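Biologist: Please show me how to read side-chain accessibility and contacts in a model.

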Amino acid sequence: MLVLLALGGCAPIIADYSVEAYKSATSLKAEVGALIDKSGEKFSLHQKEVDATTTRINAAYEFAAGLANNSISAQQWQVLRNPDGNLYGGFVRLWRKQGTTLAAYRSGKGRKIAAAFDLIICLDSNKKEGRSCPSPAAPAQSEEEPK
């Protein structure tokens with residue numbers, strides 16, 4: 001019994017570093033930034049691109065959620081993609097609903113979503129370095145763009 005407890009104490013508390021997860025997060029950060037820039041144009045012109053990016057974000061979430069001891073990263077992907085939230089999912093919902101977004105909205109939303117990606121990237125890259133990541137500021141529950 002003591003041997004089992006000792007071995008259990010050596011189990012990792014966080015998933016191993018994954019270059020695939022890191023590359024996915026950094027690539028998606030750039031893709032989403034480009035989409036935010038394009039959201040001044042009609043959503044219908046970019047729907048296929050949005051759908052493809054959303055699929056890649058969902059795949060990144062599934063990858064993170066499928067790794068043992070990786071719940072923190074998986075939770076961050078879930079927050080990012082939540083359509084009722086204040087990050088990527090909420091941004092897509094609003095763009096789809098309104099058709100276009102204003103420059104001030106794009107600028108603010110771009111910073112918030114980039115910061116969310118930076119946290120995910122930090123979590124993934126620091127698995128190999130053993131450093132902690134800064135806590136993100138709590139996002140507002142819901143945000144609508146002024147008309």
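Biologist: Is lysine 29 buried or exposed, or in between?

Modeller: Relative accessible area decides (1.4 Å probe, protein chains only): buried is under 20%, exposed over 50%, partly exposed in between. Lysine 29, at 28%, therefore counts as partly exposed. Keep in mind that this is a predicted model, where local features need pLDDT of at least 70 and side-chain atom pairs 80 or more, while totals for chains, interfaces and linings use all residues. Residues are numbered from 1 along each chain as its sequence is written, and side-chain values use heavy atoms, without hydrogens and water.

Biologist: Which residue forms a salt bridge with lysine 29?

Modeller: A salt bridge needs a Lys or Arg side-chain nitrogen within 4 Å of an Asp or Glu carboxyl oxygen. Here the partner is aspartate 118, with the closest N and O atoms 2.5 Å apart. They sit 89 residues apart, aspartate 118 in helix H6 and lysine 29 in helix H2 (helices are DSSP runs of H or I, at least four residues, numbered from the N terminus). Aspartate 118 is partly exposed too, at 36%.

Biologist: How many salt bridges are there?

Modeller: Three in the whole structure. Among them, arginine 56 meets glutamate 31 at 2.6 Å, joining helix H3 to helix H2.

Biologist: And how do I read ring pairs?

Modeller: Use the distance of the centres and the angle of the planes. Centres of Phe, Tyr or Trp (six-membered ring) lie within 6.5 Å; under 30 degrees is stacked, over 60 edge-to-face, the rest tilted. Tryptophan 77 and phenylalanine 117, at 5.9 Å and 80 degrees, are edge-to-face, and both are buried.

How values were computed
Helix = DSSP H or I, 4+ residues; strand = E, 2+ residues; numbered from the N terminus.
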